[in-house]
Amino acid sequence: MISPLLRGRTLSFLRWPETVDDHPAWRYEEDGGLLIRDGRIAAAGTYAEVEKKADEGAKKIDHRPHLLLPGFIDAHAHFPQMQVIASHGAELLDWLNTYTFPEETKFQNAQHGRRIARLFLDEVVRHGTTTVAAYCSVHRESAEAFFAESHDRNMLNIAGKVMMDRNAPEGVLDTAQSAYDDSKALIADWHGKGRQHYAITPRFAITSSHEQLEMAGALCREYPDLHMQTHLSENHAEIAFTLQLHPKARDYTDVYEHYGLLGRKSLFGHCIHLSEREADSLSDSGSVVVFCPTSNLFLGSGLFDYQRYRTRDKALRIAAATDVGGGTNYSMLRTMDEGYKVIALNGEKLNPFQSFWQLTRGNAEALSVVERIGTLDQGSDADIIVLDARATPAMRLRMETADTLAEELFMLQTLGDDRAVREVYVAGRAAKSDMAV
Ligand SMILES: [Zn+2]
């Protein structure tokens, strides 16, 4: 197998950048090199250094003057919602009942699931996302389809069959027992196969019975290294309904706590309206709160208080995500552009290095996969993207007056989308240019 040797401006983070001048927080090479062997980064540094380590036959690919970054990571998306995205006029619960649940019934049909899984992964890769934590539908076949497609592409993805056994139409319901059995079968078939990770996925407290939440907790105990993903505190009507279904719970978070669903591999989508007690509890357990700005704005759910969560005494671990199809774009650049605005409405500013940290290393840390992805460190999987800050006429013009890397990154975030993503390497394989358009 030929080992590619990439050349370009490389940027990778070591930790959270406090300011735009906090240079030790990242590694930037104006003329950088990345040597790829067997799907991993075998060497990283200046091009001159890395070139010396390359074999005679290494395939040199010159991406100058573009930026090479670790692939973006999307910590929460629903692959069965590709034909729900851009549905008008509803808040969360109506949106689920009117659009999402009817759409997800179609995934009873395995062929439909396979088609959408293929198109979904095409779409995320086109946008520079190399890892996604995905919700499938309730149907086991939908998770089979997702993992088969992901495995074929050798992508590192996290996914799970949704567990839901009440408060939804018949066509998207399982039972407590069948959810447990199907999840176990999927874990046996897919978890740890190549780069696949299984996530135990109760949709949220409203659609899972007490018995089913108990089963979800049992799965978490049986497989403590697995992720668990669900939704929490997205909208006021959802919170009220949840507390009505769980009258003994102290608050919404307590429902999940009661069933043993909090922990370092637990991903909670949204978390907008948390009380201090809930935030403390999520922090104490090392749970991850997932910021989904385009979705929160689109559904009118509220403003996630990123800076407060990050800096409170008991800080929260934060990931960022599209939440497609409640979210309105597959692009993590578009996501952080909207994220910047949400944070601005809370009276704070996120600097561009912090944003790009979040999209790469930050999300990898939040998903507990940073030993494999999220950086350009030697030994990491070679999930790498090539960003072109002059991808459109408006961007080219704006770049005439951008003098610093910080300005370039902020412009990419504010004006960029899939057009700014020139190439995407998945485990060292050029995946975007390979794609039939
Ligand atoms: Zn969601």
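## Basis of the description

In this predicted model, local features need pLDDT of at least 70, side-chain atom pairs count only at pLDDT 80 or more, and totals for chains, interfaces and linings use all residues. Residues are numbered from 1 along each chain as its sequence is written, and side-chain values use heavy atoms, with hydrogens and water left out.

## The zinc site

His76 (NE2), His78 (NE2), His231 (NE2) and Asp323 (OD) coordinate the zinc ion at 2.1 to 2.4 Å; donors are N, O and S atoms within 2.8 Å of the metal (3.2 Å for Na, K and Ca), and sites may look incomplete because water is not among the atoms. The spacing of these donor residues in sequence is H-x1-H-x152-H-x91-D. Histidine 78 belongs to strand β5 (residues 72-78) and histidine 231 to strand β10 (residues 227-232), so the pair ties together parts 153 residues apart in sequence. Strands are DSSP runs of E of at least two residues, and helices are runs of H or I of at least four, numbered from the N terminus.

Both histidine 78 and histidine 231 are buried, that is, under 20% relative accessible area with a 1.4 Å probe and protein chains only.

## The open sheet

An open sheet of mixed pairing contains 7 strands in the order β3-β2-β1-β4-β14-β15-β16; two strands pair if DSSP finds at least two bridges between them. At the edges stand β3 (40-46) and β16 (429-430), each with a single partner strand, so one side of each has no neighbour in the sheet.

## Helix α5

In helix α5 (residues 176-190), the buried residues include Ala176, Tyr180 and Trp190. After α5 comes glycine 192, with a positive phi near 80°.

Terms used:
Buried means under 20% relative accessible area, exposed over 50%, partly exposed in between (1.4 Å probe, protein chains only). The expected span of a helix is 1.5 Å times one less than its number of residues.
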